[in-house]
Amino acid sequence: MALALGLAAAAQQRQTRQQPLKLPQVPLIRASTTLVDVPVLVLDKQGQPLESLSRDDFRAFNAVRIVACGTSWHAALAGKFMIERLARLPVDVDYASEYRYRDPIPDSSGLGLLITQSGETADTIAAQHELIAKGSKTLAICNVVGSAVTRLAEGVITTNAGPEIGVASTKAFTAQLTALFTLALYLAQVRGQITDRESLHLVNELSRIPAQIEEILRTVDETCHELARAFSTARDFLFLGRGIHYPIALEGALKLKEISYIHAEGYPAGEMKHGPNALIDETLPVVCIATQDPGDPSSVLKYEKTLSNIQEVTARGGRVIAIAIQGDTHIAQLVEHVIHIPQSHELLLPILEVIPLQLLAYHMAVRRGCDVDQPRNLAKSVTVE
Ligand code: AGP
């Protein structure tokens, strides 16, 4: 049994650990300093550089509608923050399973963006048909070249994360976030919303991410293992975050549900007093994403608001596990457990924050004797509705 479990867990562990190796292969990271060559990495159906979605098209889009499912939907939510902030272009995010049933309003001047690891998710394919029928050009962020969604799309940004075997998506998610960040930066450039100097700064920050992920994998695994020992019998978990960190709270909760079968919810931290505070007692572990980019006043403000939310949880006996940046000594005085991650740009922190959450879910699942790679009732590709 132990051997079988160890083997079963192998793929998920391997793909979590592959993340820093795979990140540099996502669109950006050629030596380019201003990313002016990003569009050549948008490919057509034959894998050739795309011409039908030109720089002018990207400049002309007046909105982006992202459609996806599950973990890819969480990436989409984070992508909304990236695109709106950098490119100042409005973004709507839909569940693919909802989109086609709500008679969406046609928008031929917006970009339809599909995010999917497999490219074979039935709901996402159906939503893409709906987008195309309503006149949208579609672009796919996908890990499998030649899959159904990439065949239908006019352009594809391949995430190049390598085959993802475990049902729970891990490295594909961080690769999707990276692709979205790169796309947001490109849109910002073609729309004249960013200076070369700012672009260069963001590219430099992005290029630090692979080594930072390596560092997290090295430094937090043991802590996650210990946390699993302390909390593996919990019946429920809450994950909190604000702004772009909220989708990461959702993703942390999904990973835990999916592979350890513990009920978990992700919530925007500021919404706690509108209902979920009633759940808090000494049996409820609450994972709070309390990171900040000290160079960004809006990030610092969100961090301060999150600290207040944390205090509201601890005052009610809740047991807080905080994700914070290195050097934050203040937070350790407020909470029971802290996991430190390296500092990065506000829009890139999500890529780092999710790694400890993936490791926590993994250790919880192993501790509870669950099959990490093949959770019950789930399939890797959801090819039926
Ligand atoms: C995530 O861990 C899932 N197994 C699931 O939510 C997945 O992300 C979803 O089914 C969408 O799949 P796709 O990215 O292949 O379209």
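**Exercises on a predicted model**

The model is predicted: local features need pLDDT of at least 70 and side-chain atom pairs count only at pLDDT 80 or more, while totals for chains, interfaces and linings use all residues. Residues are numbered from 1 along each chain as its sequence is written.

**Exercise 1.** Locate Asn 377 and Tyr 261 and describe their phi values.

*Solution.* Start with Asn 377, which lies in the segment after α12 (349-367). Helices (H or I, at least four residues) and strands (E, at least two) are DSSP runs, numbered from the N terminus. The phi of Asn 377 is positive, near 65 degrees, in a residue other than glycine. Next, Tyr 261 sits in the loop between α10 (246-260) and β7 (263-268). Tyr 261 is not a glycine, yet its phi is positive at about 65 degrees. Finally, Tyr 261 counts as partly exposed because it has 15 C-beta neighbours inside 10 Å.

**Exercise 2.** Describe the shell around the ligand by class and by helix.

*Solution.* The ligand is surrounded by 15 residues, where a residue is near if its C-beta atom, placed from the backbone, lies within 6 Å. Gly 70, Thr 71, Thr 116, Ser 118 and Thr 121 are the closest. Sorted by class, the shell holds 4 nonpolar, 10 polar and 1 charged residues. Ala, Val, Leu, Ile, Met, Phe, Trp, Tyr, Cys and Pro count as nonpolar, Asp, Glu, Lys and Arg as charged, and the others, Gly among them, as polar. Helix α4 (residues 70-87) gives the most to this shell, with 3 residues.

**Exercise 3.** Work out how α4 packs with α10.

*Solution.* The axes are 9 Å apart and the packing angle is about 165 degrees. Therefore α4 is roughly antiparallel to α10, the term for angles over 145 degrees.

**Exercise 4.** Find the kink in helix α9 and name buried residues of that helix.

*Solution.* Helix α9 (residues 196-231) has a kink of about 45 degrees centred on Val 220; the bend is the angle between axes fitted to the seven residues ending at a residue and the seven starting there. Buried residues of α9 include Ser 199, Leu 202, Cys 224 and Ala 228.

Technical notes. Buried ≥ 20, exposed ≤ 12 C-beta atoms within 10 Å, placed from the backbone. Axes fitted to C-alpha atoms, helices over the stretch in contact; angles between N-to-C directions. Parallel < 35°, antiparallel > 145°, perpendicular 65-115°, else oblique.
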